[in-house]
Amino acid sequence: MQVYRTDFGVRGKADASPVTEADVRAEKLILEGLRALTPQLPIVAEEAVSAGHVPTVGSRFWLVDPLDGTKEFISRNGEFTVNIALVEAGVATLGVVLAPALRRLYAGTLGLGAFTEDEAGRRAIRCRCVPAEGLTVVASRSHGDAAALDAFLNGRKVASLANAGSSLKLCMVAAAEADLYPRLGRTMEWDIAAGHAVLLAAGGSVADLRHAPLRYGKPGFENPHFVASGTPESSLRPA
């Protein structure tokens, strides 16, 4: 937030994605904290991987995105997050998603439930059943493919379509503010693991387009296209 309030600079990485001083400073701070907490666990962090520092991971490791939604950060719309997730045997079992500009935190642990915390206090969150009027679908604000999304939703009963940045979309499903988040574009594991953990803890799921649960620790840490939902995907397929 110190950087956010300044006239900060932006540079491009090798994959043409933007990065700011906030990404770098936040990652340094988070890595120092995680290494002090769990010195035995590898940490896969976006900026470190971009710089060529790719650790060998075992069954347990951390996934860190110090600033998810850099385009939202640059446009100053507030919809950027800090994502920290613990992966165990390929599953995101614990996740924390902080939206600093919105002053809102989401967190969840598989088997223990999920919650959100803001200026109004802390409250438990849980996915909802799809309302009779149809699905509330949430899509990416900065990385959308409208034609692919329309084709995917064809045949489904959709009540409304909303846009949001970063991993907030997963948290909206977890908090019963949306029912479905199809991501029909490129993402990396650190982009979604924390939100995925919150969603799992809230009773939801994330699966690839073949309906297989999304796993972590994949070679290259790149995700396939996926669908995050608050109810079993089988009940959300087109009629």
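Helix α6 covers residues 189-201, and its 13 residues reach 18 Å from the first C-alpha to the last, close to the 18 Å expected at 1.5 Å a residue (the expected span is 1.5 Å times one less than the number of residues). Helices here are DSSP runs of H or I with at least four residues, strands are runs of E with at least two, and both are numbered from the N terminus. This is a predicted model, in which local features need pLDDT of at least 70, side-chain atom pairs count only at pLDDT 80 or more, and totals for chains, interfaces and linings use all residues. Residues are numbered from 1 along each chain as its sequence is written, and side-chain values use heavy atoms, without hydrogens or water.

**Helix α6**
- α6 has a kink of about 25° centred on G195, where the bend is the angle between axes fitted to the seven residues ending at a residue and the seven starting there.
- Of the 13 residues in α6, 12 are buried (under 20% relative accessible area; exposed is over 50% and partly exposed in between, with a 1.4 Å probe and protein chains only).
- Among the buried residues are W190, G195 and H196.
- Just after α6, G203 takes a positive phi of about 100°.

**Helix α1**
- α1 spans residues 21-37, and its buried residues are A22, D23, E27, I30, L31 and L34.
- These residues lie on the same side of α1 because they cover an arc of only 145° around the axis, taken from the directions from the helix axis to the C-beta atoms.
- On the other side of α1, K28, L29, R35 and A36 are exposed.

**Strand β11**
- A164 belongs to β11 (residues 158-164) and is buried, at 4% relative accessible area.
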